[in-house]
Amino acid sequence: RQRQAPAMDTAVTEARPSDVAGVRHPLPDLAKTLGTLGLMAAEDPSTNVVALWKEHDGPRLTAPSALGGLGATCVETLELQRGVGYLSPSLAAATTMHYLSVAGLADFANTADEETVGLIKSLIENRTVFASGFSEGTIAGSVFRPTMQASPADGGYTLTGQKKPCSLADSMDCVMASVLLDDTKQRAITVIFNGSPGLSVTPLW
């Protein structure tokens, strides 16, 4: 005897008001836009929710106000990401590593020179979207053992290698990646602007 499947409870696909409030407080326009779209439209690749997130100040969320950000706390960021996860799960997953990258920049700015702090502030004020280039994409790989090499060159370093997977790679303005310096064998972090010579993005899955 066949059993009839129960009708889908549409309530489970709707965002809870308390979670949406976590988005509405710091990013009201984003909350309104995602709520109006609805889950299925927001998850449609043609909608490009990352572009909407950027348009509505999402990239600036966690950066300190002194660096041009919105100064959200860790708790506020967690509440926002939970709310975004209800409205657009893929957007919440994709942007998490961006916020980690911004946190790293903010920490670095505490000891950086004035020129470098100015650059960081400019990146944040311009809603720069950071792809994450720390994973190595192999079973034995580790973020603490980067395979990307940085060799000394005139005016800086030449980078060789690849990173995978990289969240937001198709939407990035910059990629922040871990590298190994050939000359000192030290680990370092680099920021590479999208469109730089030799930089390319290819599908992983």
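Colleague: What should I know before we start?

Modeller: The model is predicted, so local features need pLDDT of at least 70 and side-chain atom pairs count only at pLDDT 80 or more, while totals for chains, interfaces and linings use all residues. Residues are numbered from 1 along each chain as its sequence is written, and side-chain values use heavy atoms, leaving out hydrogens and water.

Colleague: Thanks! How many helices and strands are there in the chain, and what makes a stretch count as one?

Modeller: The chain has seven helices and five strands. Along the sequence, the pattern reads α-α-α-α-α-α-α-β-β-β-β-β.

Colleague: Why is S122 called partly exposed?

Modeller: Buried means under 20% relative accessible area, exposed means over 50%, and partly exposed is in between (1.4 Å probe, protein chains only). S122 has 33% relative accessibility, so it counts as partly exposed. You will find S122 in helix α7, residues 114-125. Its C-alpha atom is separated by 29 Å from that of P45, 77 residues apart along the chain.

Colleague: And how do you know that β2 and β3 pair?

Modeller: Two strands pair if DSSP finds at least two bridges between them. Strand β2 (residues 149-153) and strand β3 (residues 156-160) have five bridges, in the antiparallel sense. Q149, for instance, stands opposite T160 in β3. Their hairpin has two residues between the strands, and G155 takes a positive phi near 80° there.

Colleague: What makes a group of residues a nonpolar core?

Modeller: The members must be buried Ala, Val, Leu, Ile, Met, Phe, Trp, Tyr or Cys residues, joined through side-chain atoms within 4.5 Å. The largest such core has 22 residues, and V23, L34, W53, L80 and L91 have the most contacts inside it. Helices α1, α2, α4, α5 and α6 each supply at least two residues of this core. Another core, of 13 residues, lies apart from it, with A63, L67, A109 and I124 among them.

Colleague: Which residues does V23 touch?

Modeller: Not counting residues up to four places away in sequence, V23 touches P28, L30, A31, L80, G83, V84 and L87. Contact here means heavy atoms within 4.5 Å.

Colleague: Finally, how much of the chain counts as buried?

Modeller: Of its 205 residues, 35% count as buried.

Notes:
Helices (H or I, at least four residues) and strands (E, at least two) are DSSP runs, numbered from the N terminus.
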